[in-house]
Amino acid sequence: MAYYDYVIIGSGITGLYTALRARKAGSVLIITKGSIQESNTKYAQGGIAAPISRDDSPELHYRDTIAAGAGLCNPVAVRILTEEATDRIAELIKFGVPFDTLNGEIALTKEAAHSLPRVLHAGGDATGLHIENTLIKNARDAGIEVKEYCLVSEIALDAQGAVCGVKTFNCNTGVKAEYECRYVILATGGAGQLYKYTTNSQVVTGDGIALAYQTGAEITDMEFFQFHPTVFYKSGAPLFLITEAVRGEGGVLRNSRGYRFMPDYDKAADLAPRDVVARSIVFEMQKTSSANVYLDVTDLRPSVITTRFPQVYQFCLDQGIDISKEYIPVAPAAHYLMGGVKVNIWGGTNVYGLFAAGETACTGVHGANRLASNSLLEVLVFSKRVVERTKQPRDTVQPKYAYTESPEHRTLKDYQPPIEVPPLTRENIQALMWDKVGIMRDGKTLSEAGRILYAWQKQMPALTDRESYELRSMIMTARMIVEAAVTRQESRGAHYRMDYPKPSDTWQKHIVFKKNSIAQ
Ligand SMILES: Cc1cc2nc3c(=O)[nH]c(=O)nc-3n(C[C@H](O)[C@H](O)[C@H](O)COP(=O)(O)OP(=O)(O)OC[C@H]3O[C@@H](n4cnc5c(N)ncnc54)[C@H](O)[C@@H]3O)c2cc1C
């Protein structure tokens with residue numbers, strides 16, 4: 001059986017960047033479910049936050065991140081994020097990422113809840129694509145081995161409970177294989193495909209979180225799913241993110257009657273935190289009985305629109321809308337999972353040899369609500385730390401956590417009485433999550449969702465193709481989101497309960513799932 005020092009699962013920014021660092025410490029294999037390029041990374045538009053300007057500082061960036069996180073950030077991790085940011089950006093530039101410049105300096109834009117312009121971008125609004133392509137080129141030049149169209153179905157442990165390999169399923173041929181390794185690094189991204197409306201790639205189905213849970217790793221903060229406020233919404237058209245930077249440059253939201261509503265909801269108006277903007281949009285859609293609101297950029301100079309937002313401009317034009325003259329129809333959609341595999345400040349989980357980084361991990365830097373453009377930065381800072389830690393002696397790898405946990409978990413009796421369930425399909429999972437576990441939740445609908453997911457888990461088909469493996473991951477991950485959301489009886493950050501609309505001091509803690517803490 002082939003042996004590698006590092007098996008890295010996923011080929012977005014996390015997988016590629018970690019591989020480029022790890023190859024200097026040992027042999028590396030990347031296993032990825034689709035083509036090497038397919039990931040959320042390639043769709044990232046806005047950019048990467050980093051305190052690189054003369055007026056900025058790690059301290060200011062720290063304060064903005066903590067404020068957005070609504071009381072649940074891990075301050076130690078946020079300190080690391082903001083202090084190590086500048087060095088990691090310098091490395092990305094060395095790899096060849098062509099960040100946009102203005103008068104010879106890196107151009108910076110302002111996004112919601114940042115106190116000043118701090119977001120680097122590339123190709124206007126094509127930042128993710130440039131990063132992904134640059135890292136792929138570096139990985140190919142370095143000869144890093146990549147297995148495409150291959151999904152990891154299980155993480156293998158040895159008799160001592162340490163990671164010793166992975167099992168895979170080839171999505172094209174159906175052939176199963178095993179690889180031995182010293183370390184497994186989960187770089188599998190988030191779980192946006194759980195929702196009917198999402199900005200996320202088809203490959204992002206919560207696999208890493210489900211795999212980690214099955215392996216015995218702890219999972220935390222799953223109730224915090226960020227919904228992006230502005231996704232292009234027109235019947236028959238694909239969903240397409242309209243980056244927040246558009247509002248950063250002066251775009252404003254209007255309801256279907258043309259009224260500019262955000263100043264009524266928050267003093268930061270259109271640049272309020274994402275959860276506030278997403279909820280305000282839902283309220284306006286309800287008030288005006290419309291399926292969307294509008295983003296108005298008609299006051300921006302046409303040259304700003306085409307140079308700063310070439311992708312957005314072209315996409316809208318292809319859909320028959322010239323955004324320099326007409327409003328853009330938008331609605332919120334599922335975007336980013338703040339929770340995930342619980343890791344320490346070195347990316348280590350509670351399972352020896354298992355690490356996680358990127359969107360699949362929860363370092364605690366985002367707390368209950370991610371500050372825009374902090375996720376790509378988090379990847380760089382913590383992926384580097386993963387590789388550093390794997391070079392240390394074995395007993396230093398175990399995690400240390402600095403925060404309070406909730407001991408509460410539901411039991412089997414909470415899934416009674418049985419409920420009538422629709423057939424188990426991907427579309428039905430996505431509809432259930434959107435309708436009952438969406439931007440605004442309440443205890444009754446969350447409980448119903450929990451009962452349906454429990455019933456679906458009992459009906460899981462045999463694992464014979466990619467779809468069945470993904471359904472397994474989706475149900476497991478959805479169950480953790482629902483169980484956490486039903487348990488947290490308050491509203492905080494991205495988690496909004498209509499039956500508990502205010503934050504509560506007693507909930508200044510994290511919900512953590514350990515092996516078997518979800519009733520089976
Ligand atoms: C439209 C959009 C715009 C965004 N804009 C920004 C932005 O401007 N700034 C910012 O900071 N963040 C942004 N984000 C978030 C950011 O892009 C992601 O959080 C980040 O790219 C995640 O990187 P990742 O490598 O962790 O995961 P991904 O890039 O999602 O990669 C996951 C990889 O794991 C693989 N995989 C999954 N399951 C398996 C399995 N079982 N076996 C093998 N492989 C598997 C996938 O095939 C994929 O290669 C945006 C996200 C989206 C969707």
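In this predicted model, helices α3 and α11 pack at an angle of about 90°, with their axes 9 Å apart. The model is a prediction, in which local features need pLDDT of at least 70, side-chain atom pairs count only at pLDDT 80 or more, and totals for chains, interfaces and linings use all residues. Residues are numbered from 1 along each chain as its sequence is written. Two packed helices are described by the angle between their axes and the distance between the axes.

**Terms for helices**

- Helices (H or I, at least four residues) and strands (E, at least two) are DSSP runs, numbered from the N terminus.
- Axes are lines fitted to C-alpha atoms, for helices over the stretch in contact, and angles run from 0 to 180 degrees between N-to-C directions.
- Angles under 35 degrees count as roughly parallel, over 145 as roughly antiparallel, 65 to 115 as roughly perpendicular and the rest as oblique.

**Helices α3 and α11**

- Helices α3 and α11 are therefore roughly perpendicular to each other.
- On the α3 side, I80, L81, E84, A85, R88 and L92 meet L377, E378, L380, V381 and K384 of α11; two residues are in contact if their C-beta atoms, placed from the backbone, lie within 7 Å.
- This contact of α3 with α11 comprises seven nonpolar, no polar and four charged residues.
- In these classes, Ala, Val, Leu, Ile, Met, Phe, Trp, Tyr, Cys and Pro count as nonpolar, Asp, Glu, Lys and Arg as charged, and the others, Gly among them, as polar.

**Helices α2 and α3**

- Helix α2 (residues 58-68) packs against helix α3 (residues 75-95) at an angle of about 140°, and their axes are 9 Å apart.
- The two helices α2 and α3 are therefore oblique to each other.
- P58, H61, Y62, T65 and I66 of α2 make the contact with P75, V78, R79, L81, T82 and E83 of α3.
- Six nonpolar, three polar and two charged residues form this contact of α2 with α3.

**Helices α5 and α14**

- Helix α5 and helix α14 (residues 466-487) pack at an angle of about 75°, with axes 8 Å apart.
- Helix α5 is therefore roughly perpendicular to α14.
- Their contact joins D207, I209, A210 and Y213 of α5 to R472, S473, M476 and T477 of α14.

**Surroundings of the ligand**

- The ligand is surrounded by 44 residues, of which the closest are G10, G12, G46, G189 and G358; a residue is near a molecule or strand if its C-beta atom, placed from the backbone, lies within 6 Å of it.
- Helix α11 gives the most to this shell, with four residues.
- The shell around the ligand has 15 nonpolar, 25 polar and four charged residues.

**Domains**

- The domain assignment gives domain 1 (1-43 + 141-224 + 338-399 + 409-520) and domain 2 (225-335); such bounds come from an automatic or database domain assignment.
- The centres of domain 1 and domain 2, taken over C-alpha atoms, are separated by 29 Å.
- In domain 1, 17 residues are in contact with 18 residues of domain 2.
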